[in-house]
Amino acid sequence: QVHLVESGGGLVQPGGSLRLSCAASGFTFSNYAMSWYRQAPEKERELVATINFNGGSTNYADSVKGRFTISRDNAKNTVYLQMNSLKAEDTAVYYCKRMYSEYWGQGTQVTVSS
């Protein structure tokens with residue numbers, strides 16, 4: 001059974017940093033591309049970043065390019081999202097998702113506020 005468990009969210013001041021983690025189980029993690037999405041209040045869920053199976057290719061939404069970095073550790077079955085220079089508009093619930101599937105984690109709240 002596929003499980004994706006996010007962690008690392010919290011409250012941070014504007015300009016601060018957070019690193020989100022998503023621990024995967026129930027499938028051969030190193031075979032699959034992974035992604036991070038986010039959903040702000042009263043907004044649709046949006047794609048933030050993707051990473052291919054071995055970490056050799058990444059893509060980002062324009063809104064986070066240059067501030068966020070997606071990475072993965074296939075030995076630990078974990079995908080990460082390093083978020084720097086956080087802004088109030090980054091406030092959202094962040095979800096990891098196995099790409100080309102409907103497997104989602106439960107989400108972790110990120111709040112950027114002074």
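This is a predicted model: local features need pLDDT of at least 70, side-chain atom pairs count only at pLDDT 80 or more; totals for chains, interfaces and linings use all residues.
Residues are numbered from 1 along each chain as its sequence is written, and side-chain values use heavy atoms, with hydrogens and water left out.

Let us begin with the overall arrangement. Strands here are DSSP runs of E with at least two residues, numbered from the N terminus, and two of them pair if DSSP finds at least two bridges between them. Four strands make up an open sheet in the order 1-3-8-7, with antiparallel pairing. Strand 1 (3-7) and strand 7 (68-73) each have a single partner strand, so they stand at the edges and one side of each is left without a neighbour in the sheet. On average, neighbouring strands of this sheet are turned by 15° against each other, direction ignored; the axes behind such angles are lines fitted to C-alpha atoms, and angles run from 0 to 180 degrees between N-to-C directions.

Now look at strand 8 (residues 78-83). Six bridges join strand 3 to strand 8, and leucine 20 stands opposite leucine 81 in strand 8. Strand 7 also pairs with strand 8 in the antiparallel sense, over six bridges. Here serine 71 stands opposite tyrosine 80, and threonine 69 faces glutamine 82. The two strands form a hairpin with four residues between them, and asparagine 77 in the turn has a positive phi of about 50°. Strand 8 is mostly covered, with five of its six residues buried; buried means under 20% relative accessible area, exposed over 50%, and partly exposed in between, using a 1.4 Å probe and protein chains only.

Leaving aside neighbours within four places in sequence, serine 21 is in contact with several residues, including Val5, Trp36 and Tyr80, where contact means heavy atoms within 4.5 Å.

Cysteine 22 lies in strand 3 (residues 18-25) too. Cysteine 22 has 0% relative accessibility and therefore counts as buried. Not counting residues up to four places away in sequence, cysteine 22 touches Leu4, Val5, Glu6, Trp36, Asn77, Thr78, Val79 and Cys96. Cysteine 22 and threonine 108 are 86 residues apart in sequence, with 9.7 Å between their C-alpha atoms.
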